[in-house]
Amino acid sequence: MSQVFLFESESLTKEERLRFVLDDQNNLWFDLHEKAPAQKSFCIPATKACLQQFLQQQLAEGSGVTVADHMKDVVENALRKHFLQTLSLLKKSGSIVVGLPKVQELMATKPLKALVLASDAGKDVSKRVHSWQIMLCHGVTSLDLENALGQHNVSLVGVEDKKEADCLLNVYSKYKALID
């Protein structure tokens, strides 16, 4: 197997790069967890510009590579889903609090390590959250959060544990690089 690092991305960590693989029919696949076997793999920085440039190169005449029509959307959706699945796992581990009242109550006793604010959250919630000095994740709707957590009316989620917050923020940073 040969691995190709594009755009001088050899020094990037898994959290900072995207990996694509070619199967034996020269179809290009996004490898979210970087575990898929392949004849050839490509690693690029996890940015919107690099993704667009890479896909244009692969679609160029004579490359012989088959790329799905909406590969950019496939990558963004896979990263968004991975972010929401990580959040769901954190809920199961008991590491999160849901809703503004519970977040405020917990913050009175100890600081939270990260917050997830729905993009369609109310102005009052959004204003309060932006005044706090905590790492903030956005780019998902309250419906996304409701589905991931199995609860209704969710627009704010707080993460208590530093290790879990770091895990969530690593997943989020890759997703955020593509949506901004």
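This is a predicted model: local features need pLDDT of at least 70, side-chain atom pairs count only at pLDDT 80 or more; totals for chains, interfaces and linings use all residues.

Residues are numbered from 1 along each chain as its sequence is written, and side-chain values use heavy atoms, leaving out hydrogens and water. Helices (H or I, at least four residues) and strands (E, at least two) are DSSP runs, numbered from the N terminus.

Now the helix itself. How much of α5 is buried? Six of its eight residues are, so α5 is largely enclosed by the rest of the structure. Buried means under 20% relative accessible area, exposed means over 50%, and partly exposed lies in between, with a 1.4 Å probe and protein chains only. The buried residues are S142, D144, L145, E146, A148 and L149. Their cover includes α2 (71–93), β5 (96–98), β6 (114–117) and β8, where contact means heavy atoms within 4.5 Å.

N153 sits between α5 (142–149) and β8 (156–159). Its phi is positive, near 55°, though N153 is not a glycine. N153 is exposed, at 72% relative accessible area.

One more asparagine. Where is N26 found? N26 lies in the loop joining β2 (17–22) and β3 (28–30). N26 is not a glycine either, and has a positive phi of about 65°. Its relative accessibility is 31%, so N26 counts as partly exposed.
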